[in-house]
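Here is a quick look at one structure, with its pocket and its charged pairs in mind.

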Amino acid sequence: VEAYDQAIATHQEQVKAKEDEAMRLRKDLYTMLEQPDLQGADSIATAIGTVQAQIEMIHFDHFKAIEAICRPEQQADFAALSHDLAHLFRRPPPDRRRP
């Protein structure tokens, strides 16, 4: 249980740091709309993609760590969960209602 709790805390810290980084980069990107020269926008967009890839690997590594601490009788449950993982991290659909 202690290893699980630590894995959760580490995962949350790592994802939060990367999400903050991505948000900063998005702010930098869209601030460029106020400037006449958009040079560098593609570099920022690429950096955002890199951060998103890093977040995905944090998620992946987290579940590998969880799998490693599963007892043998928990392995089948983990295997079942692994089939659903791709859906756990997707964002909810946007609210289509307009104000």
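## Ground rules

This is a predicted model, so to speak of local features takes pLDDT of at least 70 and side-chain atom pairs count only at pLDDT 80 or more, while totals for chains, interfaces and linings use all residues. Residues are numbered from 1 along each chain as its sequence is written, and side-chain values use heavy atoms, with hydrogens and water left out.

## The largest pocket

The largest pocket holds about 310 Å³ of space. A pocket here is an open set of points on a 1 Å grid over the protein atoms alone, where a 1.4 Å probe fits, with protein on both sides within 12 Å along at least five of seven lines; lining residues have an atom within 4 Å of a point. The volume is the space filled by probe spheres set on the points, which are joined across faces, edges and corners.

There are 14 lining residues, and Tyr4, Ile66, Ile69, Cys70 and Gln74 are the closest to the pocket's centre. Helices are DSSP runs (H or I, at least four residues), numbered from the N terminus. By type, the lining splits into ten nonpolar, two polar and two charged residues. Nonpolar covers Ala, Val, Leu, Ile, Met, Phe, Trp, Tyr, Cys and Pro, charged covers Asp, Glu, Lys and Arg, and the others, Gly among them, are polar.

## Salt bridges

How many salt bridges are there? The count comes to five, taking a salt bridge as a side-chain nitrogen of Lys or Arg within 4 Å of a carboxyl oxygen of Asp or Glu.

In α1, Lys16 and Asp20 are four residues apart, about one helical turn, and their side chains meet at 2.8 Å, N to O. Lys16 is partly exposed at 47% relative accessible area, as is Asp20 at 39% (partly exposed lies between buried, under 20%, and exposed, over 50%, with a 1.4 Å probe and protein chains only). Also in α1, Lys18 and Glu21 sit three residues apart, with their closest N and O atoms 3.3 Å apart in a salt bridge. Lys18 is partly exposed at 21%, and Glu21 is partly exposed at 27%.

Over in α2, Lys64 and Glu67 are three residues apart, about one turn of the helix, and pair up at 3.0 Å, N to O. Glu67 is partly exposed at 25% and Lys64 is partly exposed at 43%.

Technical notes: Helices (H or I, at least four residues) and strands (E, at least two) are DSSP runs, numbered from the N terminus.
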